[in-house]
Amino acid sequence: MGFDWAVIQDNLPLLMRGLWNSVQLAAITVALSFPLGCVVALGRISPRPWLRYPATILVHALRSNPLILIVFWFFFLVPILTGRPVGDFASVLAAFVVFFSAYFAEIVRSGIQSVRRGQLDAALSTGLTYAQAMHRIVLPQALRSMMPSLATECVIVFQGTTIAYVVGMREFLHTTFLVTERTMRPVELYLFAALVYFVVCLAGSLFARRLEGKAGRAR
Amino acid sequence: MNEPLVSIQNLGLRYGSFRALEDVSADFRRGTCVVICGPSGSGKSSLLRCINRLEEFQDGDVVFDGASLRACQDLPRLRSEIGMVFQHFELYPHLSILDNVTLAPRIAKGRSRRAAEETARRLLDRVGIGDQAGKFPGELSGGQQQRAAIARALALEPKLMLFDEPTSALDPEMIAEVLRVMRDLARNGMTMLVVTHEMAFAREVADEIVFMDKGRIVERAETARFFSAPAAPRAREFLDRILHRL
């Protein structure tokens with residue numbers, strides 16, 4: 001059998017719209033769940049039990065559930081809470097942000113704990129508040145040590161966007177699937193999809209490595 | 001000025017069931033340099049760390065410059081009046097030496113960058129590393145790092161300096177340069193509490209020696225008397241061991 005690569009060119013605008021949805025979902029998820037993860041991580045290491053326990057329970061609850069379940073949850077739960085349909089993108093985004101914030105929280109926590117305790121002591125001893133010491137001294141160093149795990153997690157988020165198809169969102173893989181239904185050219189299209197995922201993730205890791213190099217030089 | 005700068009009153013500190021400090025009381029006058037010595041695990045560092053409440057003690061109190069630490073509502077302000085130097089320097093590796101020194105004055109005390117940098121450069125000159133201001137901590141030798149850490153503590157114009165084994169992590173040839181800076185500070189009237197095993201430094205610079213063992217102060221004496229005739233048998237034993245090693 002021969003390949004018919006024209007099918008990709010013919011459907012390129014549609015496929016790219018799907019890819020754009022995936023990229024958007026991944027980017028906004030990372031942009032929101034990373035800061036949220038930082039907050040949860042600070043709760044996880046807080047000496048105050050009323051902060052530590054809820055944060056710990058939240059992280060464990062989210063990490064012991066599959067993403068697809070959380071997506072379902074939000075898809076059916078958010079409209080009940082808000083009283084009106086919110087659209088598939090918004091509900092998937094909410095699910096992703098909550099789900100991945102738990103994973104980012106664990107990365108941030110281990111990053112913070114990799115910074116020597118003496119650094120916090122030194123910062124506190126000069127009269128910085130706990131928040132200032134975290135922001136100026138501990139987090140910048142933690143960020144450097146967690147860069148590789150963060151990059152990996154971003155790739156996982158991007159690959160995770162494929163889950164959004166379960167509630168009908170037109171992300172990249174779903175779009176590709178719809179095109180194969182119509183054109184009966186699954187081999188070409190799925191090869192193309194694999195190539196696209198590879199390129200996007202490679203670009204992501206290269207970018208992360210550059211950031212790492214930059215942070216490393218500041219030593 | 002007769003009231004002590006630091007007054008430690010029946011201080012008790014526990015880690016779980018381990019008693020790190022038990023019923024420790026001591027006053028430290030302004031302008032004096034006191035060396036705290038004793039075997040490891042005797043509570044020397046814990047005592048220092050209680051004085052700026054890096055350790056939360058359970059019993060007793062510390063009164064610093066007339067203010068109770070137990071009742072203190074503004075710990076950052078209180079801590080900014082007490083400089084601390086650590087065994088492992090604890091310079092911030094992601095900041096230049098200059099930024100290490102200017103950070104707290106700018107953030108905690110609201111100084112302008114210019115004023116803070118002026119002070120920092122003067123202090124770095126004073127500790128003999130004025131030419132290293134633009135470098136990162138990792139590019140300096142241990143001795144230079146510790147001197148930078150002393151400059152960082154001095155930048156807050158503290159009333160008291162705490163030294164927690166400042167030379168224990170240094171190669172022998174770098175110890176002298178750090179001790180020289182400390183001696184210079186003491187001669188200029190800084191109130192200093194120094195935990196150290198450097199008995200030569202203690203003998204030369206300290207006004208008084210405090211000897212601790214098992215979380216208590218066992219002996220406190222003027223330097224000359226401590227070295228000639230320590231009263232407590234445990235202090236004598238300790239001195240014998242540490243002096244004859246040399």
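Trainee: How do strand S1 (residues 6-15) and strand S2 (residues 18-28) of chain B pair?

Mentor: S1(B) and S2(B) pair in the antiparallel sense, over 7 bridges. Two strands are said to pair if DSSP finds at least two bridges between them. Helices (H or I, at least four residues) and strands (E, at least two) are DSSP runs, numbered from the N terminus. Keep in mind that this is a predicted model: local features need pLDDT of at least 70 and side-chain atom pairs count only at pLDDT 80 or more, while totals for chains, interfaces and linings use all residues. Residues are numbered from 1 along each chain as its sequence is written, chains are lettered from A and ligands numbered from 1 in the order in which they are written, and side-chain values use heavy atoms, with hydrogens and water left out.

Trainee: Which residue of S2(B) stands opposite B:Arg14?

Mentor: B:Arg14 faces B:Arg19 there. Elsewhere along the pair, B:Ser7 stands opposite B:Asp27 of S2(B).

Trainee: And what's in the turn?

Mentor: The hairpin has 2 residues between S1(B) and S2(B), and B:Gly16 takes a positive phi near 65°.

Trainee: What sheet do these strands belong to?

Mentor: An open, antiparallel sheet of 4 strands in chain B, ordered S2-S1-S4-S5. S2 and strand S5 (67-68) of chain B are at the edges with a single partner strand each, so one side of each has no neighbour in the sheet. Helix H1 (residues 44-51) of chain B packs on this sheet and touches S1, S2 and S4 of chain B, its direction making about 120° with that of S1(B). Contact here means heavy atoms within 4.5 Å, and angles run from 0 to 180 degrees between N-to-C directions, with axes being lines fitted to C-alpha atoms, for helices over the stretch in contact.

Trainee: How many bridges join S1(B) to strand S4 (residues 59-64) of chain B?

Mentor: There are 5 bridges, and the two strands run antiparallel. In S4(B), B:Val62 is the bridge partner of B:Ile8.

Trainee: What about the sheet with S3 in it?

Mentor: That one is an open sheet of 6 strands in chain B, with the order S6-S7-S8-S3-S9-S10 and mixed pairing. Strand S6 (82-85) and strand S10 (216-222) of chain B are the edge strands, pairing on one side only. From one strand to the next, the twist averages 15°. Helix H9 (residues 233-244) of chain B packs on the sheet, where it touches S3, S9 and S10 of chain B, and its direction makes about 100° with that of S9(B).

Trainee: Do strand S3 (residues 33-37) and strand S9 (residues 208-213) of chain B run parallel or antiparallel?

Mentor: They run parallel, joined by 4 bridges. One of the bridge pairs is B:Val35 with B:Ile209 of S9(B).

Trainee: Switching to chain A: how many helices and strands does it have?

Mentor: Chain A has 9 helices and 0 strands. Its C-alpha atoms fill a box of roughly 70 × 45 × 25 Å along the principal axes.

Trainee: How do helix H2 (residues 12-44) and helix H8 (residues 172-183) of chain A cross?

Mentor: Their axes come within 7 Å and cross at roughly 155°. H2(A) and H8(A) are therefore roughly antiparallel; angles under 35 degrees count as roughly parallel, over 145 as roughly antiparallel, 65 to 115 as roughly perpendicular and the rest as oblique. Residues making the contact include A:Leu14 and A:Gly18 of H2(A) and A:Phe172 and A:Val179 of H8(A).

Trainee: And H2(A) with helix H3 (residues 49-63) of chain A?

Mentor: Those axes also come within 7 Å, crossing at roughly 125°. That makes H2(A) oblique to H3(A). Among the residues that meet are A:Val40 and A:Arg44 in H2(A) and A:Leu51 and A:His60 in H3(A).

Trainee: Last topic: how many salt bridges are there over all chains?

Mentor: The search of the whole structure finds 24. A salt bridge is a side-chain nitrogen of Lys or Arg within 4 Å of a carboxyl oxygen of Asp or Glu. One joins A:Asp121 and A:Arg117, at 2.8 Å from N to O. Both lie in helix H6 (residues 117-125) of chain A, 4 residues apart, about one turn of the helix.
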